[in-house]
Amino acid sequence: MALPNYKEVMLPLLKLVGDGKEHYIKDVYDELAEEFQLTDEERKRLIPSGKGRFFDKRVNWARTTLKKAGMMESPRRGYIRITPKGLRFLERKPVELDDDFLKKFPDFAAFRGAGKKKPEVKTFTAQWNNHSGEDLTPEESLEYSYQTLRNELATDLLEKIMSCSPEFFEKLVVDLLLKMGYGGSRKDAGKAIGKIGDGGIDGIIKEDKLGLDTIYIQAKRWQDTVSRPEIQKFAGALQGQKARKGVFITTSKFSDKAREYASSIDNRIVLIDGDELAQLMIDHDVGVSKVTSYEIKKIDTDYFSEE
């Protein structure tokens, strides 16, 4: 038989873990392959890059989709488990499960729309929602797939950060700023961060390698929205240090009033929320690794010119 797509895998996968126990993902691959009666050749078929099997990748995407809908969770590395929401869904004895149904879940809807800050991406998303997918050009389809994978990675990054210690988060912030060209050496930056603790300042870092100016840092690994009083406190700390520039980084969000205040004062305070933090980490290869890459090429008309 033809390999099932990830949508066809979702319901069997959910039923497989419906006992409420933890399941090792590699065992899940084999059990689902048996359920779909895949041949050995189908089971081992590789994706074009050769870095992974088709079926395993589709199971993984089905798992991610169910996780974003709140029906499945990862209690520890390499294991999956159904959630109470997933159990309640199975109690209804469903006969099918697809993206259209999952869009009813706020978590899944947010996942499919998350992380698209740039206007062109938002426009692209709106266009996609009005198509079945068959109307898209190959380039559009590739762009949509790329953005979907990027959103998934950004969401996973924030979840991973929230499971780490505050000390590790401070290290992460330093690593990111260094990759972005700030801070001089890692040794200098490591000494600066997390050492001040003076009135809302967590650390300092050089603006450039020569140290012509200094940036003060506040790093908050929070889930609650950062409100205006927190930014006012940080701004007051900057004035106390006679500093002109600051960066406030959080894993959560900033309230509208917090952003309005930051843009209205003389001190230059850059606010980086969780979404932007994850996107910057992806752009600068912090906490992520490249799996594969593709190049889109076109005809070089100058090469074929005979003039």
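1. Start with the salt bridge between the side chains of Glu159 and Lys67 (3.5 Å, N to O). A salt bridge here is a side-chain nitrogen of Lys or Arg within 4 Å of a carboxyl oxygen of Asp or Glu. This pair links distant parts of the chain: Glu159 is in helix α9 (residues 138-162), Lys67 is in helix α4 (residues 54-68), and they are 92 residues apart. Glu159 counts as partly exposed, at 40% relative accessibility. Lys67 is partly exposed too, at 28%. Buried means under 20% relative accessible area, exposed over 50%, and partly exposed in between (1.4 Å probe, protein chains only).

2. A word on the model. It is predicted, so local features need pLDDT of at least 70 and side-chain atom pairs count only at pLDDT 80 or more, while totals for chains, interfaces and linings use all residues. Residues are numbered from 1 along each chain as its sequence is written, and side-chain values use heavy atoms, with hydrogens and water left out. Helices (H or I, at least four residues) and strands (E, at least two) are DSSP runs, numbered from the N terminus.

3. The structure holds 15 salt bridges. One of them joins the side chains of Lys171 and Asp175 (2.8 Å, N to O). These two are separated by about one helical turn, because they are four residues apart in helix α10 (residues 166-179). Another joins Asp213 and Lys245 (3.5 Å, N to O). Asp213 is in the loop between β4 (203-206) and β5 (214-220), and Lys245 is in strand β6, 32 residues apart. Asp213 is buried, with a relative accessible area of 18%.

4. Now the aromatic rings. How many aromatic pairs does the structure hold? There are six. Rings of Phe, Tyr and Trp (its six-membered ring) pair if their centres lie within 6.5 Å; planes under 30 degrees apart count as stacked, over 60 as edge-to-face and the rest as tilted. Phe234 and Phe248 have ring centres 5.7 Å apart and planes at 85°, so they are edge-to-face. Phe234 is in helix α12 (residues 228-240) and Phe248 in strand β6 (residues 245-250), 14 residues apart. Both residues are buried.

5. Tyr303 and Phe304 also pair edge-to-face, because their ring centres are 5.1 Å apart and their planes are at 90°. Are these two buried or exposed? Both are exposed.
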